[in-house]
Amino acid sequence: MEILQDPIFLSRLQFSVTAMFHILWPLTSVGMSLVLVVFEVLWLKTGDADYYRHAHFWSKLFLLNFSVGVVTGIPLEFEFGTNWSRFSMITGEFFGNILGFEGAMAFMLEAGFLGIMLFGWMRVPPVIHLFATSMVALGASLSVFWILVANAWMQTPAGGHMEKDRFVVDSYSQAIFNPDTFWAVSHMWVACLETSLFVMGGLSAWYLLKGRHTDFFLKSFKLVVIIAALAAPVQIFLGHGNGHQVFRHQPAKGAAIEAHWETNQAGSGANWNIVAWPNKSAQKNDWSISVPKVLSVLATGSSDGQVIGLKSFPPADQPPVMPLIFYCFRIMAAIGFGLFALIIWTLVWWLKGQLTSERIVKNRMLLYAWTASLPLGYLATECGWIVREVGRQPWMIYGLLRTRDVASALPASAVFVSLVSFVIVYVMLFMMFVVFASRIIRKGPDMADAPLTKIIGGEEHKGGEPHV
């Protein structure tokens, strides 16, 4: 096949494979670290040993996610030098610095306190241990910030200018806080939290269905429901705001997401395609089911707002693979609303007094729904990144550098071999993760594990058995 002889296509495919696999692990390590802080605070405040046991149990899965995330994340930064060397040379003054900030300010912070968090129980004062756990969570969240700053700058470049084939920074603050930064960082950070919550909620529901440690996992289930009830609607709001930003600063991407070809006339609203099949070669949809004026409302906030159509851009400047962008966006949005509906359902049952240790096991449909929701956050995030990155094409830096102009001069055979090698290694890593995660989940929490000190009312009291 000719496409397999194109080194640029293979380099793009390799980066997409490595990026989409890597993102699976930070999703839960970022969100789970935040929940671990909550468990530890609850233990210190109430003295309830179950919260201590929860922190221990979930930290095992956190460590497993963190480890695979580190291993799979390192090749991504090297690929900028191996496969996208011209991009690195042109943008290194800003892009390279941002990746350096992520390593020095975020990863080192997280890794530096990880040992205390995992092995410092009863070896350091409880407040110091909580501080270490908080620093791990802060480091994980800072990673989201710096990585998304770099990516947001590629979406909406600001704070500098091109000069003799390199990007010269005029204002670091403008480049860092470019138009996409707030929406990109906040949307991704909440995605990490929400995905982690439904993983933890799904696993808690699975244990409840099995009748294992019902009282114990009912506590984690209820905590997840409370936090998710806040996170899910916020994520929908952030997604809507992010969409507004896309139509304002990346109109070609916005039009591709909605398969919108013709710019509507002033005073007449743009139709929203519920489903369609966009055909780039024909510059139209082969078929569609539409709702009048809704796209104008979604994109501009006005029923008569003007939305620029894809035909306003040369075909060379239009995103590729439009059906992929169109339907990935809808999958992501449907999952977001579906998870919110699951939260509403759960809250209704809670208000009816059904979330008790005696009654929860009878609500099997609700628990099955939570168990089934476990992978949905991952799917939604992967779809969102496909929309974000494929929708940016054909630009590496939107409006400044085309992807085809910044790739390394590599033979297709070399890229193909490295791509196949990455796939093999990543499949092995995934299988190992499944094996070790399954062992942790099957074993469950150690209910005999109790803290050496109980923290009640802010005071330390000796009691319980030493942790081994």
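Is E389 buried, partly exposed or exposed? E389 is partly exposed, with a relative accessible area of 22%. The legends below describe close-up views of a predicted model.

**View A. R392 and E389 pair within helix α13.** Their side chains meet in a salt bridge, with 2.6 Å from N to O. Both residues lie in helix α13, which covers residues 376-392. They sit three residues apart, about one turn of the helix. R392 is buried, at a relative accessible area of 3%.

**View B. R53 and D50 form a salt bridge.** The N to O distance is 2.9 Å. The two residues are three apart in helix α3 (residues 49-82), so about one helical turn separates them. R53 counts as buried, at 14% relative accessibility. D50 counts as buried too, at 12%. Both belong to a network of salt bridges that also links D48 and K219. The structure as a whole holds 12 salt bridges.

**View C. K293 and D304 join two loops.** These residues form a salt bridge, and their closest N and O atoms are 3.5 Å apart. K293 lies in the loop between β4 (284-291) and α10 (294-300). D304 lies in the loop between α10 and α11 (322-351). The pair therefore ties together parts that are 11 residues apart in sequence. K293 is partly exposed, at 38% relative accessibility. D304 is partly exposed as well, at 32%.

**View D. W370 sits in the largest nonpolar core.** This core has 116 residues. W58, F87, F94 and W370 have the most contacts inside it. Helix α7 (residues 181-210) gives the core its largest share, 15 residues. Leaving aside residues up to four places away in sequence, W370 touches several residues, among them L197, F198, F221, L342 and T346. Other contacts of W370 include G201, G202, A205 and I343. A second, separate core has five residues, including F247, A270, L295 and V307.

View E. M428 has its place in helix α14, residues 412-443. With a relative accessible area of 48%, M428 is partly exposed.

Conventions
Residues are numbered from 1 along each chain as its sequence is written. This is a predicted model: local features need pLDDT of at least 70, side-chain atom pairs count only at pLDDT 80 or more; totals for chains, interfaces and linings use all residues. Side-chain values use heavy atoms; hydrogens and water are left out. Helices (H or I, at least four residues) and strands (E, at least two) are DSSP runs, numbered from the N terminus. Buried means under 20% relative accessible area, exposed over 50%, partly exposed in between (1.4 Å probe, protein chains only). A nonpolar core is a set of buried Ala, Val, Leu, Ile, Met, Phe, Trp, Tyr and Cys residues joined through side-chain atoms within 4.5 Å. Contact means heavy atoms within 4.5 Å. A salt bridge is a side-chain nitrogen of Lys or Arg within 4 Å of a carboxyl oxygen of Asp or Glu.
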